[in-house]
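The entries are kept in the order in which I made them.

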Amino acid sequence: MIRTTPFHERLAPLNRTGLWQHWSGHLAAVKYQMDDKFEYFAVRNAAGIVDTSPLYKYRITGHDAEAFLAGVLTRDIRLCRDGQAQYTLWCDDSGHIVEDGVVFRYSSDHFLLTSAEPNLAWFSDRIGRQRVLIEDVSAQYGSLALQGPRSRGILAALDDAVGGLGFFHHTPAKMGGAAVNVSRTGYTGDLGYEVWVEADDANAVFDAIVDASAGQGVIPVGMSALLMLRIEAGLVLIDVDFHSSRFAYTDEERTTPVELGFGWMLKDIATTDRAFIGRDAIRRELTDGTSRWRMVGLKVDWQDWDRRYRAEGIIPPKDEHPVVWEMMLYDDGMERVGYTTSFMYSPALQRHIAMARVRPHLAAPGSKVHLEVTINHRYQTVACEVARPPLFNPARKTAAASTTNPAGASA
Amino acid sequence: MTASRTYDAIVIGGGHNGLVNGAYLAKSGLRTLILERRHLVGGAAITEELMPGFHFTTFSYAVSLLRPDIIHELDLVKHGYFPLLMPHSFAPADDGGHITLSKDRNLTIQEISRHSRRDADAYDQYGHDMAQIVQALKPLFDSVPPNLFSGQAEDALALADLAKHLKGLPQRVLHNIVRLLTGSAADFLDDYFEGELLKGLLSSSGIIGTKVGPRSQGSGVVLLFHNMGEQDGVFGNWGFHKGGNGGLTQVLARAAQSFGAEIKLEAAVSKVLTTNGRTTGVVLADGTELHAPVVVSALDPRRTFPELVEPRELPEDLVENIQRYKFQGTSSKVNFALDGLPEFPGLDGTQFRGFTNIAPSMDYLERAFDEAKYGWYSSKPYLDCCIQSTIDPDMAPAGKHVMSCFTHYTPYKLKGSDWDTERDNLGDTVQRRLEELFPGFSKLVLRREVVTPLDIERTVGLSEGNIFAGELMSPQLYFFRPAPGWNQYRTPIHGYYQCGSGTHPGGCVTGGPGRLASQQIVRDLARSGPAAGAAAGG
């Protein structure tokens, strides 16, 4: 029997569609109402509630916890202060990405790491003689994301500790009488928070958040809308935008942090004395310039898109539901120079956008590439421009509490 | 010359078309000034906070027809363009029945099938046929129409292109276009549907803003017009701009300013200056003269021609055609601030987020029209309502709501009374109708704003309160908007142009007139300087 999340009892009656999918062994609502695009807009214009409990959660404790993570994670955990969180990667010895996740630092001997896929064996096998304990606490906690411009006001009304919380910071708080941890993190690219609760407290916390949201246009948001939001936000998804090196058969399937656009995590790679898994390979990649790709954002030329379809007698499709198979990219000489990994029509940006990999010489914003589409069963190309992700990046996402984004100004 | 500054172009009127036009002119490098009579830009596309926290879309209330080219060419997304989804179109009936069309096709089919199984696939057929019609007409909608009367080679070429385009259309599409351009919405819809509730809902797009009933010839073209829009690529879909249409015109103003256009508020123009058949600028109500070789009027044809310039400066046939041009505004708005969500028996307000269409049948609409024919407003009016705060919660305080109710038919000229006398009675009529369908509605009302055709005329300046700056009827479209021979944004006065909804493609928040007029102006300037019409009409 597939498991349900700690919030299922509350969320199940709200799912008017009867549509569920499986996410890491749990039931997850595809959408709560037939118009998933309305859920998308709730996040962009009010706030949406997303049950993210199926994420794997590992508690990492012990005297050597920091040193251990500094050695296995690609990004330097020593730069993360207590009460902060880091988006991070872990790689193998060949410098290919195993997975990504968010690590929450409570203290030098206490961390919580989340990931989309199971990783207990991988991390445990790398402890060696260090004094570190890794526990899979996935089932003990639920996590509920409240994402969107109204999220701060709603959660701050429950506990002021949330009001001043900085981007990628977390804090203990109290909601619905329960002790929770609130982080300013999420998978939507908007202002947003995740509330981490003991499974037994899930109902009380859920009720408190729903009560505080009353009358503010807040609705539950399913996986379908979440996957639209994350593409605008430029947030990668395993098995879509990259594959775990552990389970890849060829290096073509693998990708490096630099190739996936995470060079910013490795600014000190040339000089650091931090030995971490994959360091030497990544150094060689950078020194020798062997990166094959760069992850970029793509903005499709709106008029060209429409023109190509119209010329074929077809009404130009504009579907916000992502295309998660590869679409090929060409340069002006029709050489194949990359491919999209996620593609969608963005309602916020009013054009098609993509997350894509291109050859490094075409990675500069403004570079022109041509996207292959099939129209009337024939290949055609549509003009695109390379842009720096995230393509949707409202100031409110990272802004301090005092500055509010003017209504509507979004990108 | 008393002018303190000179400009390359002055746009009269800061409504959406004036803003679009000014933005394009500024983008093309002209020093552009946009003059707005009121204290805020937007014209009939404004949002006003009439009670603290309650934002009313005083006049126009949804978006669909804004030309997609404008969104990208003026970089509107950067300036905050943000059309929200209106997920439902809900039509209640007095017997407790209801139908809801939504973005989800399966749900829509299921809903339609409850009333008629036959109508389910007929609805898909209707949508497909309409999309083909719109696809065929879109190039005409988005380009300067040819002048039938100029005798110029370029118009002859454009006409030949037009003929070629029409000849290239499938027979069924061309025939459908003619049926819509000349016939009634009822005749067209009757071929597809049998369900009265669905027909009431769909045919109401054939009467909005226009003095026709669904069975009048001429309602077909209105139906067509309201399907010419698109929302995220879906023809005929409507959205709600963040902050209402006032939010949209603020975006347009920011875009115009970003290209260097200057906007001057509380600057009513009393007259367009002309010397030897050429414009030199404008005179403001306070006597200030502002000079520019190009002056563009975003006002309606009656303001643009006989009011801003002396009729003796204009050809007689133009003066006569503008006199014959039909305004006859027939629409009002009643806006409510509500203490909570209205409930339809068996449904809660979250199940009709979007349009609520009070027209349970075509008979209902036709009867509502009957009263208008004889000079009175409908005792049971057609209402196109929207509880906008269920789409954009920033429109009202938490838990409270604003509801916009487009109200039809309310003729500008009342027989034996006037709108200052009838304003509250109209508000009562609308509120009574809503109470019938949503029991307890009146108890929710915190504030009511009634905007009659007379109020539209007084506040916005639209003659006779016509929301489209002149009726959308075939004799006033395309070759003939606003008058034969003057359909290319030029006027008989050199350098004086028109860009309001009284020009092609017409009313609604399309921005099309503003954009196309700017193309014409920029083209004229590149050739030989500000131009007059190629030849006098007729």
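**Entry 1: the model.** I noted at the start that this is a predicted model.

**Entry 2: domains of chain A.** I looked up how chain A is divided, and the assignment gives domain 1 (1-291) and domain 2 (294-387). Taken over C-alpha atoms, the centres of domain 1 of chain A and domain 2 of chain A are 29 Å apart. I then checked the contacts: 14 residues of domain 1 of chain A meet 17 residues of domain 2 of chain A. On the domain 1 side, α2 (36-45) and α7 (223-232) of chain A each supply at least two of the touching residues. The most comes from α7(A), with four residues. By type, I found six nonpolar, three polar and five charged residues on that side of domain 1 of chain A.

**Entry 3: strand β9 of chain A.** Is strand β9 (residues 141-147) of chain A mostly covered or uncovered? I found it mostly covered, with seven of its seven residues buried. On one side of β9(A) the buried residues are A:Tyr141, A:Ser143, A:Ala145 and A:Gln147, and on the other they are A:Gly142, A:Leu144 and A:Leu146. I looked next at its partners. Strand β3 (residues 47-51) of chain A runs antiparallel to β9(A) and is joined to it by four bridges. In that pair, A:Asp51 has A:Leu144 as its bridge partner. Strand β12 (residues 192-198) of chain A also pairs with β9(A) in the antiparallel sense, over seven bridges. There, A:Val197 of β12(A) stands opposite A:Gly142.

**Entry 4: helix α3 of chain A.** Which residues of helix α3 (residues 65-72) of chain A are buried? I list A:Ala65, A:Glu66, A:Phe68, A:Leu69 and A:Val72. They lie on the same side of α3(A), because they cover an arc of only 160° around the axis. As a reminder to myself, an α-helix has 3.6 residues a turn, so residues three or four places apart point the same way. The cover over the buried residues of α3(A) includes β4 (56-61), β5 (85-91), β6 (97-107), β7 (110-115) and α4 (120-124) of chain A.

**Entry 5: the largest nonpolar core.** I counted 263 residues in the largest nonpolar core, where B:Ile10 and B:Val296 touch the most other members. This core takes at least three residues from each of domain 1 (1-291) and domain 2 (294-387) of chain A. I followed up B:Val296, leaving aside neighbours within four places in sequence, and its contacts include B:Ala9, B:Val11, B:Ile12, B:Tyr497 and B:Ile521.

**Entry 6: cis peptide bonds.** I found a cis peptide bond between A:Pro389 and A:Pro390, with omega about 0°. A:Pro390 sits in the segment after β19 (378-387) of chain A. A cis peptide bond also joins B:Arg481 and B:Pro482, again with omega about 0°. B:Pro482 is in the loop between α16 (453-460) and β21 (496-498) of chain B.

**Entry 7: positive phi.** B:Asp232 is not a glycine, yet its phi is positive at about 45°. I placed B:Asp232 in the loop between β8 (230-231) and β9 (234-235) of chain B. B:Asp232 counts as partly exposed because it has 18 C-beta neighbours inside 10 Å, and a buried residue would need 20 or more. B:Tyr478, also a residue other than glycine, has a positive phi near 50°. B:Tyr478 lies in the loop between α16 and β21 of chain B. With 18 other C-beta atoms within 10 Å, B:Tyr478 is partly exposed.

Notes: Residues numbered from 1 in each chain as written. Chains lettered and ligands numbered in written order. Predicted model: local features only at pLDDT ≥ 70, side-chain atom pairs only at ≥ 80, totals over all residues. Buried ≥ 20, exposed ≤ 12 C-beta atoms within 10 Å, placed from the backbone. Pairing = 2+ DSSP bridges. Core = buried A, V, L, I, M, F, W, Y, C linked by C-beta atoms within 7 Å. Domains from an automatic or database assignment. Contact = placed C-beta atoms within 7 Å. Arc of directions from axis to C-beta. Nonpolar A, V, L, I, M, F, W, Y, C, P; charged D, E, K, R; others polar.
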